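Here is a quick walk through one model, residue by residue where that helps. Have the sequence and the coordinates open as you read.

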Amino acid sequence: MEGTFMLFDNGRGNFKVYNIKRARQAYLPASTFKICNSLVALQTGVIADTNVVIKWDSIVRPIAAWNHDLNMQQAFRASSVPYFREVARRIGRDTMQHWLDTLKYGNMKISKIDTFWLDNSLKITPDEELGFVKKLYFDQLPFNKRTQELVRSMMLMENTPKYKLAYKTGWGLDGAKQIAWIVGWIEKEGLPSFFCLNFETEDDKMDIPAVRMDILKKISSRKNFFKHHIGRKPGKNPGLFCAAQRSIR
């Protein structure tokens, strides 16, 4: 695989990047676009709140979690493509284009309204993704505070006494290449660190969800975000981005 990892420690102002060249290249956002899609839907009232249910269309898909009636929070957690395709259709092309232009989200290109974030029309760099979630965390996007709070709450996947981990994953295809993402933040002692992992592989047997989470957890453990260290003892580890270099080739 080939990839990039970016980490901005907001409390200390430290910014670390593995493979800066890739961090500045644009890729389809895949399901990381659900962050933006949700913000627009909630802001415009197309979806009133995260409890709004969209009925299952009765088409059986390979991911069982999608084959049910889902509300927005459930669909976000399950990364349901059918739910958010319907959300985009309800938003409509003109409104969606307005918000992409306002946010300057990636290259701001829409092909078909319910597939443009999956079909390599819309593209965004890891650097831009990192900046987007940083603004979301601090209520700095051009949406009202309630909208941003609701989306942040959907992104919160782990909430422990030691840390909070919020993120959105993504996984799409660019020809033979599988493009994988995780973007979000880890909050420890009230201080956030923002991260973006992006990688590609042509190995169609790779367990993408397991691999991307393994990379994130191993790098973050060396930054002491999680309770248990992986591998070496604290104080004897080889450094954050040495770990990244072993994980990403």
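Start with Gln 178. Leaving aside neighbours within four places in sequence, Gln 178 is in contact (heavy atoms within 4.5 Å) with Trp 171, Gly 172, Leu 173, Phe 199, Glu 200, Thr 201, Asp 203, Asp 204 and Ile 208. Gln 178 sits in strand β7, residues 177–188; helices (H or I, at least four residues) and strands (E, at least two) are DSSP runs, numbered from the N terminus. The side chains of Gln 178 and Trp 171 make a polar contact at 2.9 Å. For that term, two N or O atoms lie within 3.5 Å; within protein, one must be able to donate a hydrogen and the other to accept it, and residues adjacent in sequence count only if both atoms are side-chain atoms.

A word on the ground rules: this is a predicted model, where local features need pLDDT of at least 70 and side-chain atom pairs count only at pLDDT 80 or more, while totals for chains, interfaces and linings use all residues. Residues are numbered from 1 along each chain as its sequence is written, and side-chain values use heavy atoms, with hydrogens and water left out.

Overall, the protein has nine helices and eight strands. Of its 249 residues, 49% count as buried. Buried means under 20% relative accessible area, exposed over 50%, and partly exposed in between (1.4 Å probe, protein chains only). Here is how some individual residues come out:

| Residue | Relative accessible area | Class |
|---|---|---|
| Gln 178 | 9% | buried |
| Lys 34 | 2% | buried |
| Cys 36 | 0% | buried |
| Cys 196 | 0% | buried |
| Asn 14 | 32% | partly exposed |

Now the largest pocket, which has a volume of about 350 Å³. Of the 15 residues lining it, Ser 31, Ile 63, Trp 66, Trp 171 and Gly 172 are the closest to its centre. On a 1 Å grid over the protein atoms alone, a pocket is an open set of points where a 1.4 Å probe fits, with protein on both sides within 12 Å along at least five of seven lines, and lining residues have an atom within 4 Å of a point. Grid points are joined across faces, edges and corners, and the volume is the space filled by probe spheres set on the points. Strand β6 (residues 164–174) supplies the largest share of the lining, six residues.

Next, Lys 34, which is found in helix α2. Beyond its neighbours within four places in sequence, Lys 34 has contacts that include Phe 76, Ser 80, Val 81 and Lys 168. Lys 34 and Phe 76 are 42 residues apart along the chain, and their C-alpha atoms are separated by 7.1 Å.

Ser 80 caps the N-terminal end of α4, with a side-chain oxygen 3.3 Å from the backbone nitrogen of Tyr 83. Just after α4, Gly 92 takes a positive phi of about 90 degrees.

Last, Asn 14 lies in strand β2, residues 14–18. Asn 14 and Ser 193 are 179 residues apart in sequence and 9.3 Å apart in space, C-alpha to C-alpha.
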